[in-house]
Amino acid sequence: MTTRTRMNVYFAPDLLAQVEALALRRQVSKSAIIEAAVASFLSGDSAEKLEAAMSRRLDKLGRQIDTLDEDLAILGETVSLFIRIWLAATPPLPESAQASARAKGAERFDGFMQSLGRRLATGDRFLKELSRDMPAQSMHDVPAGETAADDSLQNPSR
């Protein structure tokens, strides 16, 4: 058992608030936080520890950016596929029907925006749902030069 000596120190109120918040988040005592900070300050290898911590954080950020890049690519392909299908299936309207089509389109868009707002409020995102619902498809399942999206357009029965 190690012995500890009591020491009274004074902190600026905002610094003490930060120490208390960190102690609550990590569920450790304020003394443990202060002791670790002083030990880190007095150790000679703090630059190496700081560099290692920074390297870990940068690696984590790099992985997060890679995930975002993949998600954005999926989203772009999704929008592209939707537009392609919509344009292929939507015939041009005669002049007499365009006013009612605009009104119906505005009504549908309002419904879409309300649905989008509800979905964003729940936190359940399309890309997460897609990764849960779709089995992983290897590149070997799709013929060379053809994507699964192109195949579904050519063969709607699939």
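1. The accessible surface of the chain is about 14200 Å², and carbon and sulfur atoms account for 61% of it. Such areas come from the Shrake-Rupley method with a 1.4 Å probe, and for residues only the protein chains shown count as cover. The model is a predicted one: local features need pLDDT of at least 70, side-chain atom pairs count only at pLDDT 80 or more, and totals for chains, interfaces and linings use all residues. Residues are numbered from 1 along each chain as its sequence is written, and side-chain values use heavy atoms, with hydrogens and water left out.

2. Of the 158 residues in the chain, 4% are buried (buried is under 20% relative accessible area, exposed over 50%, partly exposed in between, with a 1.4 Å probe and protein chains only).

3. The chain has 6 helices and 0 strands, in the order α-α-α-α-α-α from the N terminus. Helices (H or I, at least four residues) and strands (E, at least two) are DSSP runs, numbered from the N terminus.

4. Among contacts between residues at least 6 apart in sequence, 37% join residues at least 24 apart. A contact means heavy atoms within 4.5 Å.

5. Helix α4 covers residues 98-122, 25 residues, and reaches 36 Å from its first C-alpha to its last, close to the 36 Å expected at 1.5 Å a residue. The expected span is 1.5 Å times one less than the number of residues. Just after α4, Gly123 takes a positive phi of about 85 degrees.

6. Gln27 lies in the loop between α1 and α2. Its phi is positive, about 60 degrees, although Gln27 is not a glycine. Most residues other than glycine have a negative phi. Gln27 is exposed, at a relative accessible area of 72%.

7. Leu72 is part of helix α3 (residues 46-89) and is exposed, with a relative accessible area of 57%.

8. The elements giving two or more residues to the lining are α1 (13-26) and α2 (30-42), and α2 gives the most, with 7.
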